[in-house]
Amino acid sequence: MIKHLLSAADLDAVTATQIHDIAAEMATVAGREVKKLPTLRGRTVVNLFYEDSTRTRTSFEVAAKRLSADVVNFSAKGSSVEKGESLKDTAWTLQAMGADAVVIRHPASGAPHRLTHWVHGSVLNAGDGTHEHPTQALLDTYTMRSRMGKVEGLNVAIVGDVLHSRVARSNALLLHTLGAKVTLVGPPTLVPPAFGSLTPSLGVSYDFDSVLPHADVVMMLRVQKERMNAAFFPSSQEYYKRYGLDSARLRRMPDHAIVMHPGPMNRGVEIAPEVADSPRSTIVEQVANGVSVRMACLYLLLGGRS
Amino acid sequence: MSYLIRNVSVLGGAPVDLVVRDGVIVDSADGTEEVMDGTGLIALPGLVDLHTHLREPGREDAETVLTGSRAAALGGYTAVCAMANTNPVADTAGVVEQVWRLGREAGLVDVQPIGAVTVGLGGEKLAELGAMADSAAAVRIFSDDGMCVHDPRLMRRALEYVKAFDGVIAQHAEEPRLTQGAQMHEGDVSARLGLTGWPSVAEEAIIARDVLLAAHTGARLHVCHVSTAGSVEVIRQAKARGVRVTAEVTPHHLLLTDEAVGGSIEGTAPYDPVFKVNPPLRTAEDVEALRSGLVDGTIDVVATDHAPHAAQDKECEWAYARPGMLGLETALPIVLHTVGDALGWDGIADRMSRTPARIAGLDEHGHTPVPGSPATFTLIDPQARFTVDPAALASLSANTPYAGMELPGKVVATFLRGKRTALDGKAAA
């Protein structure tokens, strides 16, 4: 078993499927009256968050607590980090406190990689800059498997601000590993040609409408309005017209196709409210599945090695 | 002190005896005080670095003029040009004279300060270029290195102004609007690592603009640390048109590629900030073009861009790490390793001593060690190989990307005007 989970590229198909299988078992815990397993009793999991992310932090926290781990939430805000403490010094502090696993969210790409040099425990990347978010890819593929029955052979369109999206990178890598076909869709400013080299079979398209009829899964990405100011696209309206997922586009998707979004959404910018709320949307499921998948990751990284 | 160095090969020629007395090389060995065996050694004119960061004043925890001078002497250098991005910035006669005097006191290499082009490297107002030129430091090279003089009007004025004292503007070519937030070379590796890209065109566009300005003004332009194949081509075309442009390449851009950032080198991990440098490491195609450009003379010199950084400025997240790596003590071995055969000893002497000395106006440097010339030279053992140990380097900092790498060629001794400044890995002071 791998010691750290830094990138979706760390996962082979067997390991990813194993995580999915364990997640399916973990999901049953959520339905019990006592939502707790003793698996990680006595283990300490630190949530080290240098960026605000209530959704991801809470998901990891719930996952760790359901496995009976002791959870420490370390937020950079109001901490020694704000006083200038380095990541290395923070890591040493966590090490001294006996952290068995550190879940890190950081605005700098590669920060989790750097952290592995300074702590003995497992490091889980909960999102680093514009690099990766591997547990999101695991929960997304788990959701696809739950809805579609498989991942292998699916046509997945990842649409929007690919350039700045850690979700897109991790999904592209893991979906390739699991045998899906991925097409990155968006304006050339947000889907540079270099992204075509991420995996051997990756497609790039600037024409959303031509991709839609062949997509089994359409994964919409959040588009930040400040990108408009940086001239990545002229206006929200133009973006929505060319790359937004509205009802008309939803109708052009195959009947079985689903709509995904990692959240948080910009309704009316990349996705229409009625599409986000439609039965074909998996957005709420993704959140629920996140806890199960993160339980599976913590179990494998910590429990699996005990 | 006088020396007799027996059987040494000057620029790879037949073995001769070199006699050093009173700061010059003389014919007669009568009465020499120390005899050295030079069998198998190559004598080169003392190396001259057009691009060194000595960090003093301001960051004496990373390097001082003295420690940087030691590193230079051990690397075979007899003169280094100290970049202006110190704290305070070397943008006045006072600061450049301070650096110059510290170099004199260290006494190991000639430290020639570079003056800032603009006040505080701010890119808005010309610094007192004439006062720096007239100072004891006699500044001839001006650069805002680390920052680009990106305002075309200011760049034009700077080029025009320094013509009055045969100055040269050394440009850090980087269009800042194209490199906002940039962390490494823009390409496949940056896409994979999720690091904002520094596109080649940001360098090439400024060089293209600047050679046109140099042509328009008739002034001397020097392009710092050229890093892309496109830049080499722009400079090649400019030279063909007779523009007064010279250019430098660093040893690390002759050897390393952006793949190193992804952890491609054995023993390294992804995102290791030791590989963070500005301009960034580029692709294998760029490296090939830089080597060809150096060999055919499009690129005039090798300059180290020696950039020492304290441990805390590198042992952190990639995005927060300062760009730059050490260079003085490993430059010659890297050049031997990458283009040694293609250049030959005379070519190395040209790219690492004669031409940089000429560009900087350092008349006492760049002379082949023959009778009648200044005893300012370096002795190399071309057969020796050594493994780079960061802890063993003379620099106060340890940010070398070559740790553990075995490199060819070892500097055995360095002489500055007859004073032996380094011998067998030890500096004279």
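Two strands pair if DSSP finds at least two bridges between them. Strands here are DSSP runs of E with at least two residues, helices are runs of H or I with at least four residues, and both are numbered from the N terminus. The model is predicted: local features need pLDDT of at least 70, side-chain atom pairs count only at pLDDT 80 or more, and totals for chains, interfaces and linings use all residues. Residues are numbered from 1 along each chain as its sequence is written, chains are lettered from A and ligands numbered from 1 in the order in which they are written, and side-chain values use heavy atoms, without hydrogens and water.

**View 1. Five strands of chain A form an open, parallel sheet.**
The strand order is β7-β6-β5-β8-β9. At the edges lie β7 (203-205) and β9 (258-260), and each pairs on one side only. Neighbouring strands are turned by 20° against each other on average, direction ignored. (Axes are lines fitted to C-alpha atoms, for helices over the stretch in contact; angles run from 0 to 180 degrees between N-to-C directions.) Look at β5 (residues 155-159) and β8 (residues 217-220): 4 bridges join them, and they run parallel. Which residue of β8(A) is the bridge partner of A:V156? The partner is A:V217. Helix α5 (residues 134-148) of chain A lies across β5, β8 and β9, at about 160° to β9(A).

**View 2. Another open sheet of chain A has 4 strands.**
Its order is β2-β1-β3-β4, with parallel pairing. From one strand to the next, the twist averages 15°. Helix α12 (residues 283-301) of chain A packs on this sheet and touches β1 and β4. (Contact means heavy atoms within 4.5 Å.) The direction of α12 makes about 150° with that of β4(A). Now zoom in on β1 (residues 44-49). It is joined to β2(A) by 6 bridges, and the two run parallel. One bridge links A:V45 to A:V71 in β2(A).

**View 3. A UniProt domain covers residues 152-301 of chain A.**
The unreviewed entry names the feature "domain: Aspartate/ornithine carbamoyltransferase Asp/Orn-binding". UniProt positions follow the numbering used here, feature names are shortened, and annotations may be inferred rather than shown by experiment. The span is 38% helix and 13% strand. Its end C-alpha atoms lie 25 Å apart.

**View 4. Chain B has 10 helices and 19 strands.**
Its radius of gyration is 20 Å, close to the 22 Å that the globule rule gives for 429 residues, so chain B is as compact as a globular protein of that length. (The radius is taken over C-alpha atoms; the rule is 2.2 Å times the number of residues to the power 0.38.) Along its principal axes, the C-alpha trace spans about 65 × 50 × 40 Å. Of the 429 residues, 62% count as buried. (Buried means under 20% relative accessible area, exposed over 50%, partly exposed in between, with a 1.4 Å probe and protein chains only.) Among contacts between residues at least 6 apart in sequence, 75% join residues at least 24 apart.

**View 5. Strand β5 (residues 42-45) of chain B has buried residues pointing both ways.**
In a regular strand the side chains alternate between the two faces of the sheet. Here B:I42 and B:L44 point one way, and B:A43 and B:P45 the other. β5(B) pairs with β1 (residues 3-10) in the parallel sense over 2 bridges. There, B:S9 has B:I42 as its bridge partner. With β16 (residues 377-387), β5(B) runs antiparallel, joined by 4 bridges. The bridge partner of B:L44 in β16(B) is B:T378.

**View 6. UniProt marks a "binding site" at B:D145, B:H172 and B:H225.**
This annotation comes from an unreviewed entry. The residues are spread over 81 residues of sequence, yet they cluster in space: the largest C-alpha distance is 9.9 Å. B:D145 lies in the loop between β9 (141-142) and α4 (152-161) of chain B. Is B:D145 buried or exposed? B:D145 is buried, with a relative accessible area of 5%. Beyond its neighbours within four places in sequence, its contacts include B:H51, B:H53, B:H172, B:H225 and B:D305.

**View 7. B:L416 sits in strand β17 (residues 406-416) of chain B.**
B:L416 counts as buried, at 6% relative accessibility. B:L416 and B:Y77 are 339 residues apart along the chain, but their C-alpha atoms are separated by 8.9 Å. Setting aside neighbours within four places in sequence, B:L416 is in contact with residues including B:T78, B:G107, B:H365 and B:T421.
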